[in-house]
Amino acid sequence: MSSHEVWLFQCDKLGLVPYTTLIEWRKGVFSYKALCRFLVNIQPLIGTWVHQNPELGNVVYVMPGFLSVVGCRIIPQKIGPLGLEDGPILWTPVFEILCNHVGSTSFFLHGRERGVDYVYPGLLKSVDRDCNVLLLKVEHRHQRDEGKLADLKNFAHETDNEVSSSQRIVGQKWTEKPFIHLCSGDRQKLLGFVTSQVRDIVPDAANVLLFPRPRIDAVDSEQDFIVLHERRLLLLQMYERGNMNHDLKSNEGSPLNPTELGCTSEYPASRAGDATLHEFLQSGDWVGLSLQAETKELYSFNLWPYMYESLSALYKFPIRTPEACDEYAGLWGGTIGLSLSAAKPGKALFLIFISYQESEGQQQMIANKILEGNSRASRPNGSAMFVVNIDEPSMNIFPWDTDKQSNPISVKQSFKGEGISGGYGFRYPSSKPGSLFVLENGMLVFRWKESRNVLTLQRLDLADLLKKGERVPSLPPISNFAYLTREYRNVYSGFSDY
């Protein structure tokens, strides 16, 4: 077997894209070895990322693009007249990471300001194999070149033994890098300043496809590949010739100094162990955007992680290949109300992430709400819509024998559990008894015993839905990455106004 074939085999073994796609991607890199280098690097990023705010849901699905990975936000929405599988799902780009000709990465944040689409180049600094937190940061550079990172030991300040609450995430300190030392207000102002300096308007030729559309016609597919190759080369040229770093001492643009970017009274810079903005500015002259995927030990409740809401960060749900003992794990979508397609037009789309955990010796299935398509949140983001004990069958009978088309409904199995209900206001819901029914067609139906309401779900392939979806404009760059303000409405609804 030749070296060429060995590296192609290794690329295919990763299972990120089909074999035929690897052949097409090879046209844009020096070798399959270079392509494999890129795929191994970005593999841990693939999957579902979330944030607590806004409460309607903040879901970013990272998927292969074209010699790239793309972070796509799913917009809270109603299900259209064509249903979920055939109708376009609304989404917007958050970031993408391109593969250059040698297999290295080029990171772009996406955003929209005053009606114009921009990209904001930066560095993909590192990706932990088991990463569960994705951080957007400002970091120093050695020089105005391709943005190689400075040795942070040269300017990082040692922290005191006392670590402030603004520096701490459960299990590990977030104090290794100067940017994390800064108070929340200064972090946001630095991010805003840097994005204003490094941004580039997206040319029309690069503002089209981000990944190939599902095609049957070979001619159309070939045309998509031509457009995607041209778009990638244009973005890589912008990345290589662009100034992705900014001189902190430059007089151009907005001034940046400790006085004009001082901490608010809620986040005093003088707190023990904190780095002041002045200290950060004295650490070097050049800064740029960085994306870093880290592994942190996080506390959780019903498998929803406690998030440090003032950090520009996304949090990952673990990807598990469903096995016999947890065959329903993963992403599901559907609506409130019985619909054997789980996607009744006009109903609010719910995205549910199902996971398993052991509690008091019992195996539980937990269904976390990660997005709802109502105009205002009805339940807190991350709420467990239902929790069932998979070792305890339900004695309740499924109340329907046929669907609206008089087709018979067959129940495969059922479980006893509890579903979310009203409690002490929005923030503290309670639960009431119910049953989860698994239908022979693969659908899941949870029915509350008292109210008789139902939540109907079907398993989703988000990558496929996004390829058929409808792109809408993004938020401004920092909010587009992680929306940090507590909101209960759909902040993504006024697309044309951003």
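Strand β1, residues 47-50, pairs with strand β2 in the antiparallel sense, and four bridges link the two. In this pairing, Val50 has Val59 of β2 standing opposite. Before we go further, please keep in mind that this is a predicted model.

On to the next neighbour: β2 is also joined to strand β3, residues 68-74, by six bridges, and these two strands run antiparallel. Here Tyr61 stands opposite Cys72 in β3. The hairpin of β2 and β3 has three residues between the strands, and Leu67 there takes a positive phi near 50°. How enclosed is strand β2 by the rest of the structure? Six of the six residues in β2 (residues 59-64) are buried, so the strand is largely enclosed.

Another strand worth a visit is β22, made of residues 444-448. This strand is mostly covered, with five of its five residues buried. In a regular strand, side chains alternate between the two faces of the sheet. In β22, Leu444, Phe446 and Trp448 point one way while Val445 and Arg447 point the other way, and all are buried.

β22 has a hairpin on either side to look at. Strand β21 (residues 428-439) pairs with β22 in the antiparallel sense over five bridges, and Val438 has Leu444 as its bridge partner in β22. Four residues lie between β21 and β22 in their hairpin, where Gly442 in the turn has a positive phi of about 95°.

Strand β23, residues 454-459, runs antiparallel to β22 and is joined to it by four bridges. The bridge partner of Arg447 in β23 is Val454. In the hairpin of β22 and β23 there are five residues between the strands, and Arg452 takes a positive phi near 65°.

Nonpolar side chains tend to be buried together in soluble globular proteins. The largest nonpolar core in this model has 90 residues, and those with the most contacts inside it are Leu45, Phe95, Ile97 and Phe481. Helix α3 (residues 32-42) gives the largest share of this core, seven residues. Apart from it lies another core of 22 residues, including Trp332, Ile352, Ile354 and Phe386.

What does Ile97 touch, leaving aside residues up to four places away in sequence? Among its contacts are Phe38, Ile42, Leu45, Phe107, Leu124 and Leu291. Leu67, the residue with a positive phi in the hairpin of β2 and β3, is also touched by Ile97, as are Ser68 and Val69.

Glu327 is found in the loop between β15 (313-316) and β16 (330-336). Because its relative accessible area is 32%, Glu327 counts as partly exposed. The C-alpha atoms of Glu327 and Tyr356 are separated by 9.8 Å, and the two residues are 29 residues apart along the chain.

Asn490 is found in the segment after α10 (477-481). Is Asn490 buried or exposed? With a relative accessible area of 12%, Asn490 is buried, because the limit for that label is under 20%. The side chain of Asn490 reaches the backbone oxygen of Pro76 at 3.2 Å, and also the backbone nitrogen of Tyr492 at 3.0 Å. Not counting residues up to four places away in sequence, Asn490 touches Leu56, Pro76 and Ser375.

Key
Residues numbered from 1 in each chain as written. Predicted model: local features only at pLDDT ≥ 70, side-chain atom pairs only at ≥ 80, totals over all residues. Heavy atoms only, no water. Buried < 20%, exposed > 50% of the residue type's maximum accessible area, 1.4 Å probe, protein only. Pairing = 2+ DSSP bridges. Core = buried A, V, L, I, M, F, W, Y, C linked by side-chain atoms within 4.5 Å. Contact = heavy atoms within 4.5 Å. Polar contact = N/O pair within 3.5 Å; in protein donor to acceptor, adjacent residues only side chain to side chain.
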